[in-house]
Amino acid sequence: MLNRELLCSIPNSMLEAKFSGRHPIEKKNGKVYINRNPTSFEYLVDYLRNPKKLPKLENKYQLDKLYNELEYWGLRSTHQIELEKLLKVDPSYIDPNTLS
């Protein structure tokens, strides 16, 4: 289970806006439904729990999934430089089609 504080931990993001209480949230059976890939969202949640340390990513596919999730929720542009430093990524490693 996730708490609102964690989901709202990055100000001015779509994630924070969705769960801040400013907008109605659609619930199914009393639970919030997020129509996202569960594995990719899990990478995002792991990152939010400890933004100074990326979750263990085993390959470029997983890295791209995390980047895409961060971008979708409006977090990637805020943390891209930090992520690249943590990953020590050569820019050629990142698929240019995933960059905005």
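## Salt bridges

The count of salt bridges comes to 3, a salt bridge being a side-chain nitrogen of Lys or Arg within 4 Å of a carboxyl oxygen of Asp or Glu. The model is predicted: local features need pLDDT of at least 70, side-chain atom pairs count only at pLDDT 80 or more, and totals for chains, interfaces and linings use all residues. Residues are numbered from 1 along each chain as its sequence is written, and side-chain values use heavy atoms, with hydrogens and water left out.

Glutamate 69 pairs with arginine 36, with the closest N and O atoms 3.0 Å apart. This pair links distant parts of the chain, 33 residues apart: glutamate 69 is in helix α4, and arginine 36 is in the loop between β2 (31-32) and α3. Helices (H or I, at least four residues) and strands (E, at least two) are DSSP runs, numbered from the N terminus. Glutamate 69 counts as buried at 2% relative accessibility, while arginine 36 is partly exposed at 25%. Buried means under 20% relative accessible area, exposed over 50%, and partly exposed in between (1.4 Å probe, protein chains only).

Glutamate 16 forms a salt bridge with arginine 22, at 3.2 Å between the closest N and O atoms. Here glutamate 16 is buried at 13% and arginine 22 is exposed at 51%. Aspartate 46 and arginine 49 also meet in a salt bridge, at 3.9 Å from N to O. These two residues are separated by about one helical turn, because they lie 3 residues apart in helix α3. Aspartate 46 is partly exposed at 29%, and arginine 49 is exposed at 51%.

## Aromatic rings and charges

The whole structure holds 2 aromatic pairs. Rings of Phe, Tyr and Trp (its six-membered ring) pair if their centres lie within 6.5 Å; planes under 30 degrees apart count as stacked, over 60 as edge-to-face and the rest as tilted. Phenylalanine 41 and tryptophan 73 have ring centres 6.1 Å apart and planes at 65°, so this pair is edge-to-face. Phenylalanine 41 is in helix α3 and tryptophan 73 in the loop between α4 and α5 (76-87), so the pair ties together parts 32 residues apart in sequence. Tyrosine 72 and tryptophan 73 are edge-to-face as well, at 5.0 Å centre to centre and 85° between the planes. Phe41, Tyr72 and Trp73 form one aromatic cluster. Tryptophan 73 is buried at 2% relative accessible area, whereas tyrosine 72 is partly exposed at 39%.

Arginine 36 has its charged end over the ring of tyrosine 72, 3.6 Å from the ring centre. A charge sits over a ring if NZ of Lys or CZ of Arg is within 6 Å of the ring centre and within 35 degrees of the ring normal. Lysine 28 likewise has its charged end over the ring of tyrosine 33, 4.5 Å from the centre.

## Nonpolar core

The largest nonpolar core has 16 residues; Leu15, Phe41, Leu44, Leu48, Leu70, Trp73 and Leu75 touch the most other members. Such a core is a set of buried Ala, Val, Leu, Ile, Met, Phe, Trp, Tyr and Cys residues joined through side-chain atoms within 4.5 Å. Two or more residues come from each of α1 (4-7), α2 (14-19), α3 (38-49) and α4 (60-72), and α3 gives the most, with 6 residues.

Leucine 75 touches Ile10, Ser13, Leu15, Leu44, Leu48 and Leu70, not counting residues up to four places away in sequence; contact means heavy atoms within 4.5 Å.
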